[in-house]
Amino acid sequence: MNFRTDLAAERIELSGISNHKGIKKSENHYGSFTVKVADVLDEDGERLIGKPKGRYITADIPSFSADTELLDGRLDGVINELRCLIPANGSILVAGLGNRSMTADALGPECADRIFVTRHIQKELAESLGFRSLRSVAAISPGVLGETGMEAAE
């Protein structure tokens, strides 16, 4: 690949792949926006787009700032897509990837800042406060290469 992008959807589009057994593509439509889902299924798919096996979700959502109507399906769509990524049991790690110094890339760190982290709350305390089913949640915002000298994956 002679281009640089982190988005699996862009890698698939730019490589001209329409159908391949190692990659399963789908789209979900929520009112005014579309979510592209790419599942990299095997080593062939990994090699084809240069991404490890897994599910990659790209949401192209029109700006919320120009609208006064927030109940048009955009928030529900985002919730539905995120819900699919959360396991039914066990701990959850939220990784807020992106550059908080650049507005267009700050969504990950801004979201991680607003996560209700609970990993440090002992089970007994949670139960005494009435949170019997409180999940263990942690959040991290590792920054970007230009700020830290390391890729987030490192």
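Tutor: We take the pockets, then the cysteines, then one serine.

Student: What should I know about the model before reading it?

Tutor: This is a predicted model, where local features need pLDDT of at least 70, side-chain atom pairs count only at pLDDT 80 or more, and totals for chains, interfaces and linings use all residues. Residues are numbered from 1 along each chain as its sequence is written, and side-chain values use heavy atoms, with hydrogens and water left out.

Student: What volume does the largest pocket have?

Tutor: A pocket is an open set of points on a 1 Å grid over the protein atoms alone, where a 1.4 Å probe fits, with protein on both sides within 12 Å along at least five of seven lines; lining residues have an atom within 4 Å of a point. Points are joined across faces, edges and corners, and volume is the space filled by probe spheres set on them. Here the largest pocket holds about 2,500 Å³.

Student: Which residues lie nearest the centre of the largest pocket?

Tutor: Ile57, Ala95, Leu97, Leu107 and Gly108, out of 50 lining residues.

Student: Which element gives the most to that lining?

Tutor: Elements are DSSP runs numbered from the N terminus: helices (H or I, at least four residues) and strands (E, at least two). H3 gives the most to the lining of the largest pocket, six residues. Strands E2 (33-40), E3 (54-60) and E4 (92-95) and helices H3 (74-83) and H4 (107-113) each supply at least two.

Student: How does the lining of the largest pocket split by class?

Tutor: Ala, Val, Leu, Ile, Met, Phe, Trp, Tyr, Cys and Pro count as nonpolar; Asp, Glu, Lys and Arg as charged; the others, Gly among them, as polar. The largest pocket has 35 nonpolar, eight polar and seven charged lining residues.

Student: What about the second largest pocket?

Tutor: Its volume is about 170 Å³. The lining of the second largest pocket has four nonpolar, one polar and four charged residues, including Glu13, Lys25 and Lys36.

Student: How many disulfides are there?

Tutor: A disulfide is a pair of cysteine sulfur atoms within 2.5 Å. The structure holds zero.

Student: Is Ser101 buried or exposed?

Tutor: Buried means under 20% relative accessible area, exposed over 50%, partly exposed in between (1.4 Å probe, protein chains only). Ser101 is exposed because its relative accessibility is 61%. Cys84 is exposed at 56%, while Cys111 is partly exposed at 39%.

Student: Where does Ser101 lie?

Tutor: In the loop between E4 and H4.
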